[in-house]
Amino acid sequence: MSIATLTQNEGAFTTKSQKDADVITVRFSGEVDLESIDALQRILIGAHEIALAEHAKQVIIDLTQLEFMNSSGVKHFVTWLRSASQLPDATSYKIRLVASKTIPWQKRSLAALRTFAVSIVSIVHEDGAEA
Amino acid sequence: MQFELTFQPTIPLVTVIRRTVTSIFDRVLGDRERSARLALATHELLENVVRHSTDGQTTLQIHSSEDTRGRVTIETRNKARREDITDLTAQALAMATADPEVFYLELMVERADSADDGGLGIARIRAEADMLVDVYDEGEYVRIVASMPLSDAA
């Protein structure tokens, strides 16, 4: 699996990905609903597998252009964060969630998600300030 | 204000209605955070219908007036399978006596490894949108009502 597989452009949910040194970044746009939920699941599983295969130190998920995510999307994030938080130190990576200050649902959803992997997850706004 | 729509929700229509609800309540309430909470609830309730309605049909009602004691309510009513109605009423009953956030987080863990993507919607409405959620078993129909004050002062 390559970093390019984390870029997808189908329907209302699109992603762009890049890898710089040991940091994988995936930018989400649009919205996650019942139609795009499988795509979200593939992206999160893919990010996890690539991070492990390429010994990444950090995965950044940029949500600043994600207008909405349904509860099924929340569920897939929980699954991913729990998997990542259970990795041994040798393969562990940090996760940075970049939130928008102007999309209200993100504040509560991301705060809830962080509780599943407090030691590896940080939440920041687009200006870099801690959310 | 009263808004009622009887229709067959599809995934794209759910998004259209969520955006419409956001626009209406942005103007009515002048409170973007509160209108986003209503939009989240509307989306989750309608996706619930898409998943569980046995005939694809629902009635969506949104009320906000002094008649509703300064609250805004969002309601869906649709036919559903008996086991889905039983699950929803049981979840609402358990949620009513629990801390909403603790209940939501525990349910997230429970659902995390499930092959089924559903099951978090009404707990999310309760915890994230900070709305009360009531589920009514009406025989072959299920009616779900989410409500919140129109303002902090209400």
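This is a predicted model: local features need pLDDT of at least 70, side-chain atom pairs count only at pLDDT 80 or more; totals for chains, interfaces and linings use all residues.
Residues are numbered from 1 along each chain as its sequence is written, chains are lettered from A in the order in which they are written, and side-chain values use heavy atoms, with hydrogens and water left out.

Where the chains meet, chain B contributes 31 residues and chain A 25 residues to the contact, contact being defined as heavy atoms within 4.5 Å. About 2400 Å² is buried between chain B and chain A, and carbon and sulfur atoms give 54% of that area; buried area here is the accessible area (1.4 Å probe) that two parts lose on being put together, summed over both. On the side of chain B, the residues B:I11, B:D117 and B:R124 supply 22% of the area that this chain buries against chain A, more than any other three residues.

Two packed helices are described by the angle between their axes and the distance between the axes. Helix α2 (residues 71-85) of chain A and helix α4 (residues 100-112) of chain B have axes that come within 9 Å and cross at roughly 75 degrees; the axes are lines fitted to C-alpha atoms over the stretch in contact, with angles running from 0 to 180 degrees between N-to-C directions. Helices (H or I, at least four residues) and strands (E, at least two) are DSSP runs, numbered from the N terminus. The two helices α2(A) and α4(B) are therefore roughly perpendicular to each other, a term that covers angles of 65 to 115 degrees. From α2(A) the contact takes A:V74, A:K75, A:V78, A:T79 and A:R82, and from α4(B) it takes B:Y104, B:M108, B:V109, B:R111 and B:A112.

The largest nonpolar core has 79 residues, of which A:F28, A:F77 and A:W80 touch the most other members; such a core is a set of buried Ala, Val, Leu, Ile, Met, Phe, Trp, Tyr and Cys residues joined through side-chain atoms within 4.5 Å. Helix α1(A) gives the most to this core, with eight residues. Not counting residues up to four places away in sequence, A:W80 touches A:L44, A:H48, A:V59, A:I61, A:Y93 and A:I95.

In the segment before β1 (8-10) of chain A lies A:L6, which is buried at a relative accessible area of 1%, where buried means under 20%, exposed over 50% and partly exposed in between (1.4 Å probe, protein chains only). Although A:L6 and A:R42 are 36 residues apart along the chain, their C-alpha atoms are separated by 8.2 Å.

A:A21 lies between β2 (13-20) and β3 (23-32) and is exposed at 67% relative accessibility, and A:H55, between α1 (37-53) and β4 (58-69), is exposed at 59%.

In chain B, B:T73 lies in strand β3 (residues 71-79) and is buried, with a relative accessible area of 13%. B:D55, in the loop between α2 (32-52) and β2 (58-65) of chain B, is partly exposed at 35%, and, leaving aside neighbours within four places in sequence, B:D55 is in contact with B:Q8 and B:K79.

Technical notes. Angles under 35 degrees count as roughly parallel, over 145 as roughly antiparallel, 65 to 115 as roughly perpendicular and the rest as oblique.
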